[in-house]
Amino acid sequence: MNDTLPTLPLLAPFVEFGFMRRALAGCLALSLGATPVGVFLMLRRMSLAGDAMSHAVLPGAAIGYLIAGLSLPAMTIGGLLAGLAVAILAGGISRHTVIREDTSLATFYLLSLSAGVLIISLRGSNVDLLHVLFGSVLALDDATLLLLAGFASLSLLVLALGLRLFALECCDPAFLARVSRLAPLAHYGFMILLVVNLVAGFHALGTLMAVGIMILPAAAARLWAGTLGPLLLIAVLIALLGSLTGLLLSYYLNLPAGPAIVLTLGAMYLLSLALGPLGPLAGRWRAGWHFEH
Amino acid sequence: MPATVSPNPPVLRFDNLTLGYNRHPAVHHLRGEVATGSLLAIVGPNGAGKSTLLKAIAGELRPLQGRIEWPRGLRRQQIAYLTQQATLDLGFPMTVRDFIALGLWREIGAFAGVDRDQQRRVDAAIDAVGLRGLRERPIGAVSGGQLQRARFARVLLQDAPLVLLDEPYGAIDAETVRDLAALVRHWHAEGRTVIAVLHDLEHVRQEYPQTLLLARERVAHGDTATVLSEANLRRAAELASGRGERRPAPVCQATPEDA
């Protein structure tokens with residue numbers, strides 16, 4: 001049995017190479033931590049806002065990089081601070097000026113991305129820039145792996161404790177404000193959760209891909225599940241399956257790992273669109289489905 | 001205010017209440033009180049400030065001037081407020097049952113579980129609005145009338161001493177109106193105070209003993225039959241239509257008390 005394990009094509013890369021095992025562990029952490037947050041991001045109709053926020057992490061991480069090089073704590077703290085600042089600023093500007101929230105986020109996203117790229121090119125080479133934009137899931141060291149696992153555990157714990165609060169803040173914030181004093185906690189708590197997971201995703205998948213593992217599994221799962229519990233579960237499973245498949249594709253076809261994972265997740269979304277019982281095609285195949293109780 | 005000891009203090013009192021948005025007043029110098037346990041309709045022409053007043057009672061609009069007093073010390077969380085439009089995101093993956101169960105929030109909060117007795121009360125509320133067959137259906141997949149029934153069931157579970165209803169019967173069929181009106185009568189019989197903004201004067205005459213006729217100021221307040229007189233209704237219509245032409249900017253003065 002032990003002799004045959006390494007020869008199975010699906011397991012061989014992970015048995016053989018430590019960096020593949022680390023990559024898988026990192027993806028596991030992201031799937032458990034970031035994907036459920038992505039489900040809430042989607043349900044709040046904030047998918048694009050999440051994308052903009054992921055770029056907001058960049059200049060903070062870049063300043064950390066400028067000060068301390070490719071240092072995990074410096075880039076993490078910089079990313080967290082920048083992400084939180086933009087979350088608060090963008091919300092405040094749309095509330096107190098005529099600028100709408102989507103425009104406000106777009107301006108910050110453009111500023112952040114260009115500032116981040118500029119700061120990194122002040123010091124580094126193109127390789128560094130690629131690392132920041134597309135991550136380095138195949139080069140996760142112990143410290144980064146621990147950080148990903150820590151953030152994922154924290155995120156899962158907070159989400160489990162505040163599930164009802166986050167859900168009501170998503171679907172009926174006016175009602176929540178009426179019945180509970182915890183409404184601001186739910187709002188800002190979620191923003192912090194989002195930024196923490198974006199920073200985790202940034203280390204593994206880079207700023208351009210970090211939102212991929214949040215939104216794509218969530219969107220795919222939405223086409224299969226009609227209630228929150230199954231939705232969260234299916235999204236995590238899709239994220240796990242997608243990152244495993246992406247890593248294998250990247251290994252066997254010699255593709256860059258981050259984009260391979262995100263593209264695989266994208267393919268699973270398209271597949272769900274075609275096959276999912278809540279997808280646009282389901283009604284054609286099963287006329288009358290809508291009339292069942 | 002001097003502390004007057006009354007055997008049955010009013011649930012709320014308007015003290016020179018002026019309300020509006022962006023410093024443009026919509027309700028002027030309102031005085032009066034709402035007796036505890038009363039069933040009060042607020043009627044008036046469009047733009048009379050009815051919904052604005054309800055919003056202020058719910059604690060979601062700060063008065064420009066004056067205030068609302070709460071002699072019984074009612075807190076904001078003890079008010080059930082049914083807004084005109086459902087504030088719910090209908091795309092959210094949630095069943096009718098889950099939506100209705102949110103009415104338990106004051107008891108269970110963000111963290112506590114739902115015990116057997118509370119489960120039973122959720123089921124009873126679902127039955128009370130006639131949604132048993134639809135309880136597992138996604139909330140986005142029910143009709144307007146069914147959604148309104150579900151919202152009433154949520155109010156039912158909130159078990160609030162003060163219930164505010166903002167045009168609860170807009171765009172729903174007669175049968176639904178009949179069922180929901182019966183629920184309102186039941187709340188009144190239980191001793192809750194119900195304040196409803198309504199348009200259908202016939203319905204108000206049949207169901208509501210008390211009425212406040214509003215046209216940016218109080219036209220009349222008291223027994224429905226007296227308040228909804230021809231003269232009062234004409235005056236309300238005049239106030240509403242004349243204001244735009246003759247008085248482009250509302251003049252704020254201390255108005256004498258009128259009946």
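**Labels and their cut-offs**

Guide: Happy to. Helices here are DSSP runs of H or I with at least four residues, strands are runs of E with at least two, and both are numbered from the N terminus. This is a predicted model, where local features need pLDDT of at least 70, side-chain atom pairs count only at pLDDT 80 or more, and totals for chains, interfaces and linings use all residues. Residues are numbered from 1 along each chain as its sequence is written, while chains are lettered from A and ligands numbered from 1 in the order in which they are written.

Visitor: What makes the span of helix 5 of chain B close to the expected one?

Guide: The expected span is 1.5 Å times one less than the number of residues. Helix 5 of chain B (residues 144–158) has 15 residues, for which 21 Å is expected, and its first and last C-alpha atoms lie 21 Å apart.

Visitor: Why are helix 4 and helix 5 of chain B called oblique to each other?

Guide: Their axes cross at roughly 140 degrees and come within 9 Å. Under 35 degrees counts as roughly parallel, over 145 as roughly antiparallel, 65 to 115 as roughly perpendicular and the rest as oblique. Helix 4 and helix 5 of chain B are therefore oblique.

Visitor: Which residues meet there?

Guide: B:Arg121, B:Val122, B:Ala125, B:Ile126 and B:Ala128 of helix 4 meet B:Ala153, B:Leu156 and B:Leu157 of helix 5 in chain B. Contact requires C-beta atoms, placed from the backbone, within 7 Å. By class, that contact has 7 nonpolar, no polar and 1 charged residues.

Visitor: How do you know which way helix 3 and helix 5 of chain A run relative to each other?

Guide: Helix 3 (residues 47–68) and helix 5 (residues 101–123) of chain A pack at about 30 degrees, with axes 8 Å apart. That makes them roughly parallel.

Definitions and conventions:
Axes are lines fitted to C-alpha atoms, for helices over the stretch in contact, and angles run from 0 to 180 degrees between N-to-C directions. Two residues are in contact if their C-beta atoms, placed from the backbone, lie within 7 Å. Ala, Val, Leu, Ile, Met, Phe, Trp, Tyr, Cys and Pro count as nonpolar, Asp, Glu, Lys and Arg as charged, and the others, Gly among them, as polar.
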